Amino acid sequence: MIDFHVHLDLYPDPKVIAQEIDKHRMYVLSVTTTPSAWKGTSALGYGHSRIRTALGLHPQLAHERIHELPLFDKYLHETKYVGEIGLDGSSNLKPHRDVQLHVFKHILCSCSLAGGKIMSIHSRRSATEVLNQLEIYPHAGKAVLHWFTGSKKELLRAIELNCWFSVGPAMFRTEKSINLIRLIPKERILTETDGPFVQLNKHYIYPWDVNKAIIKLAAIWGLSINATEIQLKNNFRSLLIQST
Ligand code: MN
């Protein structure tokens, strides 16, 4: 199993979760929301060979943490993974739109100069602008759009731009989202949880809860659970190969 977008550092007991991840023998991308969290969060992965940590600056925090961009650039060479980054067009964040864009452009530029990274990207209510920026910075790396909620038209454009998608159990709650997932080539899909920001039955979602997304994907693809897991693992391999 693969959880390609989880905030390991934001669980109350991240070390216990890291041990459970090992027990499940699953691959995890632990994303961060601020560059100042990088050191502590990447340390959580020490000794856990299937946990990778991404360096990020969440768009919802861009206006508060823009001064951490030099720190972002300082740590960038330490990892191949960048996230959570992106844009958020929610109405309460409208006043910070320009700051968000500045931060996102800076990060894409730094990733380009670093030779390309694997990026976990947030695009809530801003998919068109995210895609515009990815077009402007084609050498920033492989874009994995996390929990995509844009329109069908935006999705088709993202597929055209070679974006990847990470989908979690929460995305199967609406018919609109399920219909989007049906349109994504199965070779471009990875699973995620976005834990602990998602709740399942009034509990935190955990990385191993990606199995709930795997079951849904198996139904959509008309494959067995086992064949679906193999497909997803091959996708992950192929993403790594394409990014080297
Ligand atoms: Mn997230």
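User: Buried means under 20% relative accessible area and exposed means over 50%, with partly exposed in between (1.4 Å probe, protein chains only); so is D194 buried or exposed?

Analyst: D194 counts as buried, because its relative accessibility is 7%. Please keep in mind that this is a predicted model, in which local features need pLDDT of at least 70 and side-chain atom pairs count only at pLDDT 80 or more, while totals for chains, interfaces and linings use all residues. Residues are numbered from 1 along each chain as its sequence is written, and side-chain values use heavy atoms, leaving out hydrogens and water.

User: Which residues are the protein donors of the manganese ion?

Analyst: The manganese ion has as its protein donors H5 and H7, each through NE2, together with E84 through OE and D194 through OD, and these lie 2.2 to 2.3 Å from the ion. Donors are N, O and S atoms within 2.8 Å of the metal (3.2 Å for Na, K and Ca), and the site may look incomplete, since water is not among the atoms.

User: How are those donor residues spaced in sequence?

Analyst: Their spacing reads H-x1-H-x76-E-x109-D. Helices (H or I, at least four residues) and strands (E, at least two) are DSSP runs, numbered from the N terminus.

User: And H7, buried or exposed?

Analyst: H7 is buried, because its relative accessible area is 0%.

User: Switching to strands, what order does the open sheet of three have?

Analyst: The order is 1-2-3, and the pairing is parallel. Strand 1 (2–6) and strand 3 (51–53) are the edge strands, each pairing on one side only. Two strands pair if DSSP finds at least two bridges between them, and here strand 1 is joined to strand 2 (residues 27–30) by three bridges. Within that pair of strands, D3 stands opposite V28.

User: Which helix packs on that sheet?

Analyst: Helix 10 (residues 225–242) does, and it touches strand 1 and strand 2, where contact means heavy atoms within 4.5 Å.

User: What about the open sheet of five strands, which ones are at its edges?

Analyst: That sheet runs in the order 4-5-6-7-8 with parallel pairing, and its edge strands are strand 4 and strand 8, each of which pairs on one side only. Inside the order, strand 6 (residues 141–146) and strand 7 (residues 164–167) pair in the parallel sense over three bridges, with H146 of this sheet standing opposite S166 in strand 7.

User: OK, helix 5 now: which of its residues are buried?

Analyst: The buried residues of helix 5 (residues 97–113) are Q100, L101, V103, F104, I107, L108, S110 and C111. An α-helix has 3.6 residues a turn, so residues three or four places apart point the same way.

User: What covers them?

Analyst: The cover includes helix 3 (62–65), helix 4 (69–75), strand 4 (81–86), strand 5 (117–122) and helix 6 (127–136). Just after helix 5, G115 takes a positive phi of about 95 degrees.

User: Last one, where is N179 found?

Analyst: N179 is found in helix 8 (residues 175–183), and N179 counts as partly exposed because its relative accessible area is 37%.

How values were computed: Axes are lines fitted to C-alpha atoms, for helices over the stretch in contact, and angles run from 0 to 180 degrees between N-to-C directions. The expected span of a helix is 1.5 Å times one less than its number of residues.
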